[in-house]
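Please keep the sequence and the structure in view while reading.

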Amino acid sequence: VALTRPLWPFGVRHIVRATSNHALSGWRIKFLILLTYRTANLIIYQSSAMQALYERRVKLRKRSGVAINNPVDIDVLRRNAAVRLQTGFNNTTFNFLVVGRVQPVKGFDLAIEALAKIPRRDVTITFLGDGDSQLRSQLQCLALDRGVADRIRFLSFQPNPQAYLAA
C-alpha cells in the first residue's frame, strides 16, 4: 500500500486501523508498520495507550492519529459487579439472567420454552429490561401457559446489571 501511494488519485485518503500490540514484535513487522503508517492520512487506535505505544515503539510522530477507546470499561464493570444488591436470587437454585431490551428479535420466548422443557424446579429465569410492554404481557401469558410463571421474574431496566450478573 505504502509503495503505491504516489500512484493514487489526488484526494484519496489513506486511513489505517492499528492492530494489536502483539504486532509490534520483530523488526520486519515494525518496518512494514512504519512504512505503511507514515504514509497514512490518519491512524485509528483502539485506545490512547495503544497510540502512545505505537508512537514510542514504532517511532511514529506524536498525535499521528485518533484514539477511539473501546466502549467497554473493564474497571467500571468490575466496580459495578462488586456492588451487592438485593437481587432476589436464591442460592439453592440455578438462576438464568437475560439482560436486554424486550423485543421480538431477542427471542425471550425461546428462553421460556426452554425453561418449560427443564423438569427441575430449581431453575429460574430473570429478565432485566424495558421495551415492548405488549410483548412482555405475551411472554407472561406464555409462561403461564407453559406452567413456568412461578420460575420467571420480569424486572424493568436496571442501571447496574453487572451486580445481577455477579450475584
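This is a predicted model: local features need pLDDT of at least 70, side-chain atom pairs count only at pLDDT 80 or more; totals for chains, interfaces and linings use all residues.

With a relative accessibility of 17%, Gln162 falls below the 20% limit and therefore counts as buried.

**Gln162 and its surroundings**
- Gln162 belongs to helix 6, which runs over residues 161–166.
- Once residues up to four places away in sequence are set aside, Gln162 touches Leu77, Asn80 and Ala81.
- With Asn80 there is also a polar contact, in which the side chains of Gln162 and Asn80 are joined at 3.3 Å.

- Three strands make up an open sheet in the order 1-2-3, and their pairing is parallel.
- Strand 1 (15–17) and strand 3 (65–67) are the edges of this sheet and have a single partner strand each, so one side of each is left without a neighbour in the sheet.
- On average, neighbouring strands of this sheet are turned by 20° against each other, when direction is ignored.
- Strand 1 pairs with strand 2 (residues 42–45) in the parallel sense, over three bridges, and Arg17 stands opposite Ile44 of strand 2.
- Helix 2 (residues 48–57) packs on this sheet, where it touches strand 2 and strand 3, and the direction of helix 2 makes about 145° with that of strand 3.

**Helix 2 and helix 1**
- Which residues of helix 2 are buried? They are Met50, Gln51, Leu53, Tyr54 and Glu55, and the elements that cover the buried residues of helix 2 include helix 1, strand 2 and strand 3.
- After helix 2 comes Lys59, which has a positive phi near 60°.
- Ile29 lies in helix 1 (residues 27–38) and, because its relative accessible area of 38% lies between the limits of 20% and 50%, it is classed as partly exposed.
- Although Ile29 and Val58 are 29 residues apart along the chain, their C-alpha atoms are separated by 9.8 Å.

- Strand 5 and strand 6 are paired in the parallel sense over four bridges, with Phe127 standing opposite Phe154 and Leu128 standing opposite Leu155.
- Taken together, strand 5, helix 5 and strand 6 form a β-α-β unit that is right-handed.
- In a regular strand, side chains alternate between the two faces of the sheet. Strand 6 has a covered face formed by Ile152 and Phe154, and an uncovered face formed by Arg153 and Leu155.

- Leaving out residues up to four places away in sequence, Thr126 touches Phe89, Phe96, Leu97, Val98, Arg153 and Leu155.

**The nonpolar cores**
- The largest nonpolar core contains 14 residues, and those with the most contacts inside it are Ile112, Leu115, Phe127, Leu139, Val148, Ile152 and Phe154.
- At least two residues of this core are supplied by each of helix 4 (108–116), strand 5 (123–128), helix 5 (133–146) and strand 6 (152–155), and helix 5 gives the largest share, four residues.
- Val148 touches Ile112, Leu115, Ala116 and Ala143, residues up to four places away in sequence not being counted.

Conventions
Residues are numbered from 1 along each chain as its sequence is written. Side-chain values use heavy atoms; hydrogens and water are left out. A nonpolar core is a set of buried Ala, Val, Leu, Ile, Met, Phe, Trp, Tyr and Cys residues joined through side-chain atoms within 4.5 Å. Buried means under 20% relative accessible area, exposed over 50%, partly exposed in between (1.4 Å probe, protein chains only). Contact means heavy atoms within 4.5 Å. Two strands pair if DSSP finds at least two bridges between them. Axes are lines fitted to C-alpha atoms, for helices over the stretch in contact, and angles run from 0 to 180 degrees between N-to-C directions. A polar contact is a pair of N or O atoms within 3.5 Å; within protein, one must be able to donate a hydrogen and the other to accept it, and residues adjacent in sequence count only if both atoms are side-chain atoms. A crossover is right-handed if, with the strands pointing away from the viewer, the path from the first strand over the helix to the second runs clockwise.
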